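Hi there,

Here is the structure I promised to pass on to you. Have a look at it first, and then read my notes below.

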Amino acid sequence: MDAKEQLRHAAEKLALTLAQNGMQKTTARVMTALLFTERDTMTAADLCEELSISSGAVSTAIKQLIPVGLVERVPAPGSRRDHYRFREGAWATLMSQQNVMLDVMLDAAQEGIGTARDGSPTARRLHEMQDFYAYMAREMPALIENWRKTYQV
């Protein structure tokens, strides 16, 4: 297996893992194709050809990946086609967006605690949930900022 085939295999393996964990399969394949490509950018046509999928499937995937900060549309002088690339700093951006989910989970725990009977198994579980998400909400922003400073992203 040559290097290009190895990269394609690694991309497909990651895409399968992402799909098994809730990401739409085509979205995962487009994301990993952009992550593992040796090119600076790819067009929708490049992605269609690389992945053997329709232009509509690529368009849908791109529309899901851009808002979460994993992929960006970039100018390509002299080209009339949109070009896409995996965004630098994407992982930190993605984790930063998880802070919203941390807040949602923390609020859910607090709401449950307000209705659970003191000392009950439910209350104990909800207090653990509250403690965990409060800790993560406090620590995650600093971790992300330290990573950005360390790696200058």
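In β3, M42 has Y84 as its bridge partner. That bridge belongs to the antiparallel pairing of strand β1 (residues 42-43) with strand β3 (residues 83-86), which takes in two bridges. On strand β2 (residues 71-74), V74 is partnered by H83 of β3, and four bridges join β2 to β3, again antiparallel. Strands here are DSSP runs of E with at least two residues, helices are runs of H or I with at least four residues, and both are numbered from the N terminus; two strands pair if DSSP finds at least two bridges between them.

Before going further, please keep in mind that this is a predicted model: local features need pLDDT of at least 70 and side-chain atom pairs count only at pLDDT 80 or more, while totals for chains, interfaces and linings use all residues. Residues are numbered from 1 along each chain as its sequence is written, and side-chain values use heavy atoms, with hydrogens and water left out.

Helix α4 has V58, A61, I62 and L65 buried (under 20% relative accessible area; exposed is over 50%, and partly exposed in between, with a 1.4 Å probe and protein chains only). These residues lie on the same side of α4, because they cover an arc of only 100° around the axis, taken from the directions from the helix axis to the C-beta atoms. Their cover includes α2, α3, β2 and β3.

Which residues is T93 in contact with, leaving aside its neighbours within four places in sequence? They are V68, G69, R87 and R148. T93 lies in helix α5 and counts as buried because its relative accessible area is 17%.

E111 is also found in α5 (residues 90-115), but it is exposed, at 61% relative accessibility. Its C-alpha atom is 9.2 Å from that of L126, 15 residues apart along the chain.

Best wishes

Notes: Contact means heavy atoms within 4.5 Å.
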